[in-house]
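Here is a walk through one protein model, from a single side chain out to helix pairs and the core. Keep the structure open as you read.

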Amino acid sequence: MNADLKDAFSRIKPICDVLMVCPSPESIGAFVGRVTELKKEVVQELQQYLLFPLITHLKSSETDQKEELQRRLVDAMELVLGKVTVNSFEMCMKMELGLLQLVFDHTRPGMISEISEELKLSVMRCLTALLLSVDPKYREVMLKAHVPLLGKAVYVSVHIAKLEKLRSLRLAAINCVTAHTATHPQLTSDYHIASASLEKVVVDMLSLILPGVLGALQDVATSVDNPGHALVVSAIDAMHRILCLAMNNKFMKTNTNLTAEDFAKMIREKENKEVSSKEPVDPKSLPVRSPEWFAVAGEKLLLITKSLVSLRTHEHFKVRKELAVYCSRLLFECNIAMQTSVPLALDALICLAKDDYPEVSEYCTNAINTYFATASEDNRTKTLDALCENFFATLNTLPRVMNNIDSNRKLSSLNLVHGYIKVLSTDRRPQRLTCALSVHEHVTGACTALAQTVATQPDLTVLTQHAVRDITSTPPLNSPWCKLRHLDSVACERRFQDICQLLGAAECADLVLDRLLDLFRQTRDAELVYMMNWMCTAPNSSPSLIRRILNTYIEEDVWYSPLEVSSAEPPLSDADTMDLSVYNPRSWHKDTVPDLYEGAVETRYTDISYSTPRVRALAAPNTCSSVSEAQRNMLLSCLLTEGLGVMATTLQENYQPFLLKTLCLVLERVGSKYEMLHLSGLKAITAIARACGHDTVAELIRCNADYFTNQVTVRLKKAWNCQSALQILSVVMEYSDSNILNYLYGIVQDVLVQSCDKYYEKDLYAYLQVFLTFVECIRKWYMIAQRVPHHSQEDDYIDVLRDTREYIDNVEEGERLLDGGEFEQETGKTVEEMYREDMERRDEEELDYDDTVTKETPPPPQYVSVTVTILKRCLNYVASSQRDNTILCLQVLNTGLPILREYEDELLPLVHLTWAPLVSLFESEPVVVRRAFDLLVTMAELSRDFIRSRAVKEVLPHIYKLLQDSSSASYLQDVGSVYRAGPRYSLQVSALAALAQLVTRLALAGAPLHRAMAAVLPYLSNKQPKPLQSSAIEFFKRILDYDYGAAWYHLRQFCHNDEVLQPPAACPHLAPVAGTPYSHAHAEYDHNVKSIFNYMVS
C-alpha cells in the first residue's frame, strides 16, 4: 500500500466507522465530503470499503421507513459509483438487489413502492450509475445469467417513467432502462455495441422483454400529459436504441442451402394448416430470433410504430427530429425483420421531409434518397408497391382529415400526399405514379379526394356589385373570391398547390387531366378548375396540357355561366288559372266527424284538375334558380378568368398566339359590374401583359388593338353579344390614350347606329355607359376641366363706398357737361357745329362698304364632332321611362358639354336643344332632379347669358319653391332624424349648392337676385340641420363676393335692427343709416348672420 493510499485510508476510516455504527445525515454528509476530496484512483482501490456501510444500511431495519436517510445513503452510493469501475460481481448484485428492494412492491400498481419521488429519483440515478460503472465482464455475466433481475429493474423503470409525474424522475427512469439494456449512449458508439459477445447477450435478453418495454415507452412518448419535449425525445431515443438492436437485420437466420427435406416440410405444414380454423401463434412457443419469431414480433411492433408516427405533427422540432431518427434507423437496420413497418417509416420520413425546420427536413430527405439509392431492385419495387397502397389509403382518408379543426394534422396529411407523389414520380420511366393511376378507379378516387380537400366556402360577397370601377387600381395578389373551407391556413393551401404542381409536372399529367376534364364536364365544380389552374403553374408543365385546359375554359357554355338570380314566380292571373273552382286560395271545405275528438279535418283544394290544368310559368333563360347557384357560378367564372392569367405567366412569350381568343374575354371580365369578377379580370389582364413583354395593360391593348376592334365590331351586330361588346369597349377606352382614337371612332359610330334601333333598346343602359366612358376619356386625354378655375381675391380689400363715390362723381360730371358755355369753351366749337360733323360722318359710313373677305371657320376636330353626335343622341333618352337611363343621360351631357367650351358654334345649339327636356325633369323624382341641377350649373357656366332669361322664367322659380316649401319640413330635424336619410333632404342640399353657382354664372341682378336670396334666408335659422345652415352661409358669402351692395342691402332688410351705421369722415355727403346687416334682432338667426361677415370678400 503506497503512501497516498495509506493517508486516504487513515482519513476515511473514522468516517466509515461512524457511518457504520450510527448512520445519520451528519455522518453521511461527512462521508460525502471526504469522498469528494479523494482521487479516483484512491476511490477505485477503496471502493469495497467505502460501499460496504452503504450496502449494509440499505438492507438494515434501522433505516427502514426513514426515506430521507435512505435517500442520502443512495446519493452517497451514486457518488462513489460515479468514480469507480465496480470490480466485485457479488457487491454489484447486492447493490442491484438493495436498490430494487426500495422501489419494487408487487402489490402496488406497476409494482412501484409507495415512497417519495425524491427517493425514487435517487434510486433510478444510482441504478443507472451502477450499470454504467460495472466491469464489462461482469455486465456480460449479469445480462446472461440474471435476466429476471434485470427484467424486473427494467419493468419498474419503464412503469416509473409511465406513471410518475415528476419530469426529472421520468427522465432518470428512461436512462435507467437504457443502462440495464446496455443501450445507454455511454455504452454504445453511434448507437452500436462495440463488443460482439456483449451485443449477442444483450440481444438475447431483449428478445425476452422487447414488446413490453417498447409498449411502455410508447405510452410515455405518446402521452398527452408529458411536461415538455425532453421526455418525449428521451423515450423515442430509448425505443430506437432497443428496437434496432433487437430486430437488426444481421440477427436474422437465413437458410441459403435449401434441400428436398425443406420443401417436403413446407408442403406438410401447408397441408396441415386449415385457413378457416387458423389459431393465433404464441410467440413464447417459437424459437428465439427464428424467422417465425421475427414475423410475429414484427406484427406486434407494427402497432407501436403506428402509434409513434402520430408524433410527426408534434409542436417541437426536436421531437420530430428524434422520430425521423427512429424511422431512418428502422428503414436501414430493420427493414427485413420489420418489413411491415417500412411503409410507415417511409410515410413519416416523407411527411417530415417538408418540415419547416431545415434540420429535420434535410435529415429526412437524405434518408429517403439514400434508401432508394442503396436498395436493391427487388426491395425498391416492394417498397414502391407498399407506398402506392399507402398513397391511395391516405387519399381516401384525406377528406375526413380535412373535415376537422386540427390544422397541424391537415398539414401533415398534405405533406404526406406531396411526399408520396414526389417519391412515386422519380426520374425513371415509366414513373411508378403513372402505373398506379392507370387504373380508372384509382385516378377517379384521387381526383375526387383532392377536389373534396379543396372544397370552397360559399360567400355572399362574391355577388357584390361595385359602385365605382377603377381599372387603375393594383390587382389583388391573392384570390379574394376563393375562400377554401378546409384549408384554413396559408401553409395548408400552399402545400395543396405544390401537390397540384407536382401532378402537372408528372408523367401522368395528361392522365390526371383527362379525368379532371371528364369530372368538370359532368359537375362544373370550381374545385376542379382550382386544381387545373395550379397544375398549369408547374415550371415544366407541357404546353399541350395548358392548351387543352385553355380551350376548355373558353368554351362558350363554360365561360358564360349565368350569374343573375331569376325573380320569384309571379302570382297566377285569371288567364293562368282557368279553373278557379279547382285552384282557389279561399276554397276550404270543413269535414266534421261526430263523436270523435280529432274529427275536425280541414282540406284545401289544390291545383289538381283533369279538365283545365294549371299553366306553369317558364323559368327565365340564362338565370340561376337560387342564390347559391349564382355564388357557385361566380366562383367558377372568377377561377376561369384567373386561370388564363396563370397560363400566360407559365407560357410567357408563347402565350401570344392565344391572345386572339382570350384578350376580349379577359377585357370583358375587367368591365364586369361584379366586384370579384372585375378583380379577377384585372389580375388576369395584368399577368397577360407582363407575360407578353409589356410594361402596362395600355401598351398591351395598343399593340393588339386589331384583336379587340374586330371582336367588338362582330359582337355589336349580334344582339346576344352586344352587352359583352360594350363592356370590352368601355374597358379599352379607360385603359387607352388618344393614340387609339382612330380605332374607336368606327366602333362608336356603330354604337350610335345600334342605339337608334328599337330591337336593341334593352341594351340602352350599356350604350349610354359607352358614351359616358368615351366622353370621360376625351376629357382625360385632352385635359379638359369641368369648370374654369375662378380667380379668387379673398385677400383683396373691398371699398364698400366705392360705388357711392363713383355715382356722385358721375352726377357732377353730367351737370358740368350740361352747362353749354363751359362745354363750348373747352372744345372750341358750338353745339350746332358738332352736330353737323356727326351727321356728315354717319353719311360717309353708310356709303362705305366692306370689301374684306370673311375667313372661313376651320372645321372642329373629329373628337368634337363625335362628341356632338353622342350628346345629341343622348338627348333622345333624357325623358326615358327608365330612371337609370335618364340619370346616365344627364351624366353624359354634364360630362360632354365642357368638351365644347372652345367651340361655341357647336355648343350653343346643343344647349338650346337640351333646354326643353331639362326643364321637364325638375318635376321628376329627387334623384333625377339632383342630376338635373348638376347639368344646369354646367350649362350656366358654359353659356351664361345665353340661357339667363329662360332660366329666370322657367327653372329658378322651381328651385325657389322647392327651397321655401322644404324649409318647414327640415325645421328642427336633428342629427338622429329619419328626415336626413330621405331624398328630400339630399335635394335641399343639392339645390342650395346649385343656386349659389347659378346666381354667379348667370349674372343675376335686381329682382331675380333678391328672390334667390329670399329663398335661402330661412336656412339661416339655427333650427335647421347644420349642413343646410352651412350651405346657406356659403351662399351669402358667394353673393357678397359677387355683388356686395345687393347682398348688404338684402341682409340689412332681413336683420331689421335699430343699430345706426355712421358714414366715414371722408364722405361728408352721406347720411347715417338706421339698421345694419351685421346682427339680427332674433337670436335664432344672429349667429349665422354674423358668420356671413366673418369673411373677407373679393
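Start with S412. Its relative accessibility is 5%, so S412 counts as buried, the cut-off being under 20%. Keep in mind that this is a predicted model. S412 sits in helix 19, which spans residues 407-424. Which residues does S412 contact, once its neighbours within four places in sequence are left aside? They are R312, T313 and C351.

Now turn to the nonpolar side chains. In soluble globular proteins, such side chains tend to be buried together. In this model, the largest nonpolar core holds 352 residues. F31 and M247 have the most contacts inside that core. Helix 11, residues 196-222, gives the most to this core, with 14 residues.

L50 and L54 belong to helix 4, while A76 and V80 belong to helix 5. That leads to the helix pair itself.

Two packed helices are described by the angle between their axes and the distance between the axes. Helix 4 covers residues 47-59 and helix 5 covers residues 67-81. They pack at an angle of about 150°, and their axes are 10 Å apart. Angles over 145 degrees count as roughly antiparallel, so helix 4 and helix 5 are roughly antiparallel to each other. The crossing of helix 4 past helix 5 is left-handed. On the helix 4 side, the contact is made by L50, L51, L54, I55, H57 and L58. Helix 5 answers with L73, V74, A76, M77, V80 and L81. By class, this contact has eleven nonpolar residues, one polar and no charged.

Next comes a second pair. Helix 6 runs over residues 89-103 and helix 8 over residues 136-145. What is the angle between helix 6 and helix 8? It is about 55°, with the axes 10 Å apart. Helix 6 passes helix 8 in a right-handed crossing. F89, C92 and M93 come from helix 6, and they meet Y138, V141 and M142 of helix 8. This contact divides into six nonpolar residues, no polar and no charged.

Definitions and conventions. Residues numbered from 1 in each chain as written. Predicted model: local features only at pLDDT ≥ 70, side-chain atom pairs only at ≥ 80, totals over all residues. Heavy atoms only, no water. Core = buried A, V, L, I, M, F, W, Y, C linked by side-chain atoms within 4.5 Å. Buried < 20%, exposed > 50% of the residue type's maximum accessible area, 1.4 Å probe, protein only. Helix = DSSP H or I, 4+ residues; strand = E, 2+ residues; numbered from the N terminus. Axes fitted to C-alpha atoms, helices over the stretch in contact; angles between N-to-C directions. Parallel < 35°, antiparallel > 145°, perpendicular 65-115°, else oblique. Left-handed = near helix turned anticlockwise from the far one by under 90°. Contact = heavy atoms within 4.5 Å. Nonpolar A, V, L, I, M, F, W, Y, C, P; charged D, E, K, R; others polar.
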